[in-house]
Amino acid sequence: ESALALTDAHERGLVSNLDSFDSWCRTVAVEVAGREIPHWRELVSDDQIPVVLKMSLNALLNGLAERLPKTSITSDDACVIGPDGRLSPHAMAVGFLKKQPHPRMEEILHEQ
């Protein structure tokens with residue numbers, strides 16, 4: 001919700017400095033991961049996505065990527081995390097379109 005409101009304000013030119021929001025995003029990512037994130041990655045880089053939403057999505061995905069095991073986790077559709085530690089865009093799209101999480105997502109999150 002905050003990201004959507006800030007996106008509107010940023011796109012209208014009412015907010016220009018996103019440093020505090022970036023810091024908050026990284027804090028949320030650490031909370032999702034359950035530990036520090038040693039290597040921040042720009043997993044969402046599409047220029048058509050507003051910068052504030054990209055920051056939010058990158059925080060969520062970096063947290064999840066750090067929390068999940070670094071080995072490949074596969075489903076019938078696609079690999080969610082590859083050996084390089086990156087989230088597969090195809091797997092994300094399939095999951096979002098089907099509105100179904102990865103079959104082992106809850107189990108993996110609870111293992112940590």
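Helix 1 and helix 3 run roughly antiparallel to each other (angles under 35 degrees count as roughly parallel, over 145 as roughly antiparallel, 65 to 115 as roughly perpendicular and the rest as oblique). The model is predicted: local features need pLDDT of at least 70, side-chain atom pairs count only at pLDDT 80 or more, and totals for chains, interfaces and linings use all residues. Residues are numbered from 1 along each chain as its sequence is written, and side-chain values use heavy atoms, with hydrogens and water left out.

Two packed helices are described by the angle between their axes and the distance between the axes. For helix 1 (residues 2-11) and helix 3, the angle is about 155° and the axes lie 8 Å apart. Axes are lines fitted to C-alpha atoms, for helices over the stretch in contact, and angles run from 0 to 180 degrees between N-to-C directions. From helix 1, the residues Ala3, Leu4, Leu6, Thr7 and His10 take part. They meet Val51, Val52, Leu53 and Ser56 of helix 3. Contact means heavy atoms within 4.5 Å. By class, this contact has 6 nonpolar, 3 polar and no charged residues. Ala, Val, Leu, Ile, Met, Phe, Trp, Tyr, Cys and Pro count as nonpolar, Asp, Glu, Lys and Arg as charged, and the others, Gly among them, as polar.

The protein has 5 helices and 0 strands. From the N terminus on, its elements run α-α-α-α-α. Helices (H or I, at least four residues) and strands (E, at least two) are DSSP runs, numbered from the N terminus. Of the 112 residues, 37% count as buried. Buried means under 20% relative accessible area, exposed over 50%, and partly exposed in between (1.4 Å probe, protein chains only). Among contacts between residues at least 6 apart in sequence, 50% join residues at least 24 apart.

Helix 1 buries Ala3, Leu6, Thr7 and Ala9. These buried residues pack against helix 2 and helix 3. Alanine 5 also belongs to helix 1, but is partly exposed, with a relative accessible area of 48%. Alanine 5 and valine 52 are 47 residues apart in sequence, yet their C-alpha atoms are 9.5 Å apart in space. Aspartate 8, another residue of helix 1, is partly exposed at 40% relative accessible area. Glycine 13 follows helix 1 and has a positive phi, near 85°.

Proline 50 lies in the loop between helix 2 and helix 3. Its relative accessible area is 23%, so proline 50 is partly exposed. Leaving aside neighbours within four places in sequence, proline 50 is in contact with Thr7 and Glu11. The C-alpha atoms of proline 50 and threonine 7 are 6.8 Å apart, across 43 residues of sequence. For aspartate 8 and proline 50, the C-alpha to C-alpha distance is 9.3 Å and the sequence separation is 42 residues.

Aromatic rings were then examined. Rings of Phe, Tyr and Trp (its six-membered ring) pair if their centres lie within 6.5 Å; planes under 30 degrees apart count as stacked, over 60 as edge-to-face and the rest as tilted. The count comes to 1 aromatic pair. Phenylalanine 21 and tryptophan 24 form this tilted pair, with 5.7 Å centre to centre and 55° between the planes. They are 3 residues apart in helix 2 (residues 19-33), which means a separation of about one helical turn. An α-helix has 3.6 residues a turn, so residues three or four places apart point the same way. Phenylalanine 21 is buried, at 9% relative accessible area, whereas tryptophan 24 is partly exposed, at 44%.

A charge also meets a ring. The charged end of arginine 26 sits over the ring of tryptophan 40, 4.2 Å from its centre. The criterion is that NZ of Lys or CZ of Arg is within 6 Å of the ring centre and within 35 degrees of the ring normal.

Glutamate 66 is placed in helix 3 (residues 51-67). Glutamate 66 counts as buried because its relative accessibility is 10%. Leaving aside neighbours within four places in sequence, glutamate 66 is in contact with Ala33, Arg35, Glu36, Ile37 and Pro38.
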